[in-house]
Amino acid sequence: SNPLHRQVHQDMEQPLCHYYIASSHNTYLSGDQLLSQSRADMYARVLQAGCRCVEVDCWDGPDGEPVVHHGYTLTSKILFRDVAETINKYAFIKNEFPVILSIENHCSIQQQKKIAQYLKEIFGDKLDLSSVSTGDPRQLPSPQDLKGKILVKV
């Protein structure tokens, strides 16, 4: 395979909303969405394959620890902390462009605070905490501006 085919040749200086973003749905599932295993390593797989937007379905777990799984089904549960650590490890190995965490939040305020704590602790400076006014999408930062950053969409 030609290494040039893996390089980006587009203008990456436009607002983020000008691009199609490779996205994953139910990223944590290793199989069907009713019975399969939830696995943190699925995030490693899709991020290394070029995915830039991953889904994280968050629910209240035991002992105050938020979990990730497909709600109201028999899919297994994994710790949110493990998911965040896996994303942190694999987000930028193959690609420097931003990673968007699409968080589906079903958690109590207490466990939402735990999620926020983990996001700050695990991602550190990679976490983009700049506030963006949604009034004018032309003002969004570009993929180039956001290289190496983790964005949170809830």
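Which residues are buried in helix 1? In this predicted model, where local features need pLDDT of at least 70, side-chain atom pairs count only at pLDDT 80 or more, and totals for chains, interfaces and linings use all residues, Met-42, Tyr-43, Ala-44, Val-46 and Leu-47 are the buried residues of helix 1. Residues are numbered from 1 along each chain as its sequence is written, and side-chain values use heavy atoms, with hydrogens and water left out.

Buried stands for under 20% relative accessible area, exposed for over 50%, and partly exposed for what lies in between (1.4 Å probe, protein chains only). Helices (H or I, at least four residues) and strands (E, at least two) are DSSP runs, numbered from the N terminus. An α-helix has 3.6 residues a turn, so residues three or four places apart point the same way. The cover over the buried residues of helix 1 includes strand 1, strand 2, helix 2 (80-90) and strand 4, where contact means heavy atoms within 4.5 Å. After helix 1 comes Gly-50, with a positive phi near 105°.

Strand 4 (residues 99-105) holds Ser-102, which counts as buried because its relative accessible area is 14%. Apart from neighbours within four places in sequence, Ser-102 touches Cys-53, Val-54, Glu-55, Val-56 and Lys-153. With Lys-153, the side chain of Ser-102 also makes a polar contact of 3.1 Å. Such a contact is a pair of N or O atoms within 3.5 Å; within protein, one must be able to donate a hydrogen and the other to accept it, and residues adjacent in sequence count only if both atoms are side-chain atoms.

Attention now turns to aromatic rings. A pair of aromatic rings is described by the distance of the centres and the angle of the planes. Rings of Phe, Tyr and Trp (its six-membered ring) pair if their centres lie within 6.5 Å, with planes under 30 degrees apart called stacked, over 60 edge-to-face and the rest tilted. This rule gives a count of one aromatic pair. The partners are Trp-59 and Tyr-72, arranged edge-to-face, 5.2 Å from centre to centre and with 85° between the planes. Trp-59 belongs to strand 1 and Tyr-72 to the loop between strand 2 and strand 3, so the pair ties together parts that are 13 residues apart in sequence. Trp-59 is buried because its relative accessible area is 13%, whereas Tyr-72 is exposed because its value is 78%.

Tyr-72 has a further feature: its phi is positive, about 60°, although it is not a glycine. Asp-63, also not a glycine, has a positive phi of about 55°. Asp-63 sits in the loop between strand 1 (53-59) and strand 2 and, with 77% relative accessibility, is exposed.

Charged side chains form another set of links. Side chains of opposite charge can pair when their charged atoms come close. A salt bridge is a side-chain nitrogen of Lys or Arg within 4 Å of a carboxyl oxygen of Asp or Glu, and the whole structure contains four of them. In one, Glu-65 meets Lys-114, the closest N and O atoms lying 3.3 Å apart. Glu-65 is in the loop between strand 1 and strand 2 and Lys-114 in helix 3 (residues 109-123), so this pair ties together parts that are 49 residues apart in sequence. Glu-65 is buried at 15% relative accessible area, while Lys-114 is partly exposed at 24%. Together with Arg-81, Glu-65 and Lys-114 are linked in a network of salt bridges.

Another salt bridge joins Glu-96 and Lys-147, with 3.7 Å between the closest N and O atoms. Here Glu-96 lies in the loop between helix 2 and strand 4 and Lys-147 in the loop between helix 3 and strand 5 (150-153), so the pair ties together parts that are 51 residues apart in sequence. Lys-147 is partly exposed, at 32% relative accessibility. A salt bridge also connects Arg-39 with Asp-41, whose closest N and O atoms are 2.8 Å apart. Arg-39 is partly exposed at 30% relative accessible area, and Asp-41 is partly exposed at 38%.
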